[in-house]
Amino acid sequence: LLLRGCKLRNTDWVLACVVFTGHESKIQKNSSQAPHKKSALEKQTNRLMLIIFSLQLICCVVGGTWGTIFEGSIALEEGYLDT
């Protein structure tokens, strides 16, 4: 008996009978990879990382915009701020 994926070596000749068992056999059902499972903690961590990244991006954009406006208008009026 030779199952799917097995190799026969060191033989000169073979007497065989091929039988089609279909896609419902145990070897066929186990041949596919299992679906990737994510735990609830992994899903929550991914979601929180996305939220943190978004908040940091928003803070960078707001801070950069505010800094540009500050340097362009307010800093020129103040004499003690040398640019």
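Tutor: Let's start with a term: a residue is buried under 20% relative accessible area, exposed over 50%, and partly exposed in between (1.4 Å probe, protein chains only). Before we use that, know that this is a predicted model, where local features need pLDDT of at least 70, side-chain atom pairs count only at pLDDT 80 or more, and totals for chains, interfaces and linings use all residues. Residues are numbered from 1 along each chain as its sequence is written, and side-chain values use heavy atoms, with hydrogens and water left out.

Student: How many helices and strands does the protein chain have?

Tutor: Helices (H or I, at least four residues) and strands (E, at least two) are DSSP runs, numbered from the N terminus. Here you'll find 2 helices and 0 strands. Helix α1 covers 26-29, and helix α2 takes in residues 40-77.

Student: What comes before α1?

Tutor: A segment that includes N10. N10 has a phi near 55°, a positive value in a residue other than glycine. It counts as exposed because its relative accessible area is 82%. A16 lies in that segment before α1 too, and A16 is exposed at 65%. The C-alpha atom of A16 is 9.4 Å from that of L2, although 14 residues separate the two along the chain.

Student: And where is S39?

Tutor: S39 is in the loop between α1 and α2. With a relative accessible area of 41%, S39 is partly exposed. Now for polar contacts: these are pairs of N or O atoms within 3.5 Å; within protein, one must be able to donate a hydrogen and the other to accept it, and residues adjacent in sequence count only if both atoms are side-chain atoms. In this case, a polar atom of the S39 side chain lies 3.2 Å from the backbone nitrogen of E42.

Student: Which residues make the nonpolar surface patch?

Tutor: L48, I51, I52, L55, I58 and V62 make it, over about 540 Å². Patch residues have over 30% relative accessible area and no salt bridge; nonpolar side chains (Val, Leu, Ile, Met, Phe, Trp, Tyr) are joined within 5 Å, like charges within 9 Å. A salt bridge is a side-chain nitrogen of Lys or Arg within 4 Å of a carboxyl oxygen of Asp or Glu.

Student: How many aromatic pairs turn up?

Tutor: Rings of Phe, Tyr and Trp (its six-membered ring) pair if their centres lie within 6.5 Å; planes under 30 degrees apart are stacked, over 60 edge-to-face, and the rest tilted. The whole structure has 1 aromatic pair. The ring centres of W66 and F70 are 5.5 Å apart and their planes are at 20°, so this pair is stacked. Both residues lie in helix α2, 4 residues apart, about one turn of the helix. W66 is exposed at 59%, whereas F70 is partly exposed at 28%.

Terms used: Accessible areas come from the Shrake-Rupley method with a 1.4 Å probe; for residues, only the protein chains shown count as cover.
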